[in-house]
Amino acid sequence: MYLKGFIFTCLTFMSFSSFACKCEGLELNEAFENSKSVMLVEVIGLSLKEAEDDRGVDIFKRKLIEAKFNVIESFKNNEQVSSVVTSSGNCGIHLYPGQKFVLFVPNSSYFKNYVSTCTGSYGYRGELSFDDKRFRKLKEFVYNNTLKQDK
């Protein structure tokens, strides 16, 4: 009886850790520097899209979720971005129409305009103190960097 409980407990913990996202979280300055575009958006539509790895490797063709959005506020815009793709995996951003997200669109990735938690992107709900604090930190960072560049 004890052995069954022990095995169940071990399998439970192993299954949770095996599904965890395996990327290193980026600091805000790294995520910002590695991005061609950083913006607060509201998702207006989702669709499935077959995307090919930018390296041209057929084995990496995958069905990804493509999101169209309205830009609410732009913090960095080196390249105009009108849609992004993400996966439904653990590192992907779970995008929903009508909801807001802070997107860090990387300068380069295997798939064009691929966003994930690994690029720094996250869902934004201003009424949550954690999200509001994180968003204010982004705005302060952008403001302080703009001041440094103006000098």
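T119 is buried, with a relative accessible area of 13%, where buried means under 20% relative accessible area, exposed over 50% and partly exposed in between (1.4 Å probe, protein chains only). The structure is a predicted model, in which local features need pLDDT of at least 70 and side-chain atom pairs count only at pLDDT 80 or more, while totals for chains, interfaces and linings use all residues. Residues are numbered from 1 along each chain as its sequence is written, and side-chain values use heavy atoms, with hydrogens and water left out.

Helices (H or I, at least four residues) and strands (E, at least two) are DSSP runs, numbered from the N terminus. The T119 side chain makes a polar contact with the side chain of S121, at 3.2 Å. A polar contact is a pair of N or O atoms within 3.5 Å; within protein, one must be able to donate a hydrogen and the other to accept it, and residues adjacent in sequence count only if both atoms are side-chain atoms. Apart from neighbours within four places in sequence, T119 is in contact with L26, A31, F104, P106 and Y114, contact meaning heavy atoms within 4.5 Å.

Stepping back to the whole chain, 3 helices and 5 strands are found. Read from the N terminus, these elements follow the order α-α-β-β-β-β-β-α. The protein chain has 151 residues, and 33% of them count as buried. Among contacts with a separation of 6 or more, 65% come from residues 24 or more positions apart. The accessible surface of the protein chain is about 10,100 Å², and carbon and sulfur atoms hold 55% of this area; accessible areas come from the Shrake-Rupley method with a 1.4 Å probe, and for residues only the protein chains shown count as cover.

The strands form an open sheet of 5 strands in the order β3-β2-β1-β4-β5, with antiparallel pairing. β3 (83-86) and β5 stand at the edges with a single partner strand each, so one side of each is left without a neighbour in the sheet. On average, neighbouring strands of this sheet are turned by 45° against each other, direction ignored. Here, axes are lines fitted to C-alpha atoms, for helices over the stretch in contact, and angles run from 0 to 180 degrees between N-to-C directions. Two strands pair if DSSP finds at least two bridges between them.

The sheet can be followed strand by strand. β2 (residues 62-77) is joined to β3 by 4 bridges, running antiparallel, and I65 stands opposite T86 in β3. Between β1 and β2, also antiparallel, there are 14 bridges; E42 faces N70 of β2 across this pairing. A further 7 bridges connect β1 (residues 35-51) to β4 in antiparallel fashion. S35 has P106 as its bridge partner in β4, and V38 has F104. β4 itself is mostly covered, with 6 of its 7 residues buried. Finally, 3 bridges tie β4 to β5, again antiparallel, with Y122 of β5 as the bridge partner of V102.

Rings of Phe, Tyr and Trp (its six-membered ring) pair if their centres lie within 6.5 Å, with planes under 30 degrees apart counted as stacked, over 60 as edge-to-face and the rest as tilted. By this rule there are 4 aromatic pairs. In one of them, F111 and Y114 have ring centres 6.2 Å apart and planes at 50°, so the pair is tilted. F111 and Y114 are both buried. The rings of Y124 and F135 also make a tilted pair, because their planes are at 40°, with centres 4.7 Å apart. This pair links distant parts of the chain, as Y124 is in strand β5 and F135 in helix α3 (residues 129-150), 11 residues apart. Y124 is buried at 13% relative accessibility, and F135 is buried at 6%. Ring pairs also bring in F75, which forms a cluster with Y124 and F135.

The last stop is C21, in the loop between α1 (2-18) and α2 (28-33). With 28% relative accessibility, C21 counts as partly exposed. Beyond neighbours within four places in sequence, C21 is in contact with N90, C91, T117 and C118. C21 and T117 lie 96 residues apart along the chain, with 8.6 Å between their C-alpha atoms.
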